[in-house]
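The structure is shown first.

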Amino acid sequence: MSDSLYRQSEEVTAALEAIQQAETLEEAEALALEHQGVFEAIVRKVDSFNVWMTVAESRIAMLAAEEKRIADARRYLQNKVDRLNAYAVAILQNNNWQKLEGDTSAIALKQNPPSVIIDDADAIPPRFVTIRQEINIDKNALKAALKCGEVAGAHLEQKIALKRS
């Protein structure tokens, strides 16, 4: 007997069809008894399928929590590096030092390229402005309109989901 749910469902369907085509009650009972293993196998398969899905969903949740923990740790460390950089710059500037040297490394002040700071976006000449248009569709309102009738360019689609218990 195959391990796949698909194959087992085919075997159950074939067994049920054979039982339904039985000419007598005794023949149907004999076929049901003969195919009992097929019915038991699909029950076990459903249970193992749900166990696997539950474990996978738990791992997904655990991985999401771990991703958040790692992102928080990275953000914490980046903030600390940024604060220490600002601290070192302040020490050098307050003492009018351009450079401090250690035995194997050094820290020094350097001029960065100038950064553009926007003081008033409305005063910027149009040749420097790019306008991006974003189209947003109110799907809730569109859904309500589609339930009342046809709307050009859209339709309602009902999907099937798997419910596990």
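## Second largest pocket

Lining the second largest pocket are Ile 137, Lys 139, Leu 142, Lys 143, Leu 146, Val 151, Ala 152, Gly 153, Ala 154, His 155 and Leu 156. A pocket is an open set of points, on a 1 Å grid over the protein atoms alone, where a 1.4 Å probe fits, with protein on both sides within 12 Å along at least five of seven lines; lining residues have an atom within 4 Å of a point. The second largest pocket holds about 190 Å³ of space, a volume being the space filled by probe spheres set on the points, which are joined across faces, edges and corners.

## Basis of the model

The model is predicted: local features need pLDDT of at least 70, side-chain atom pairs count only at pLDDT 80 or more, and totals for chains, interfaces and linings use all residues. Residues are numbered from 1 along each chain as its sequence is written, and side-chain values use heavy atoms, with hydrogens and water left out.

## Largest pocket

The largest pocket has about 250 Å³ of space. Its lining includes Asn 85, Val 89, Ile 107 and Lys 110. Two or more lining residues come from each of α3 and β2 (106–108); α3 gives the largest share, five residues. Helices (H or I, at least four residues) and strands (E, at least two) are DSSP runs, numbered from the N terminus.

## Leu 84

Leu 84 belongs to helix α3. Leu 84 counts as partly exposed because its relative accessibility is 49%, between buried (under 20%) and exposed (over 50%), with a 1.4 Å probe and protein chains only.
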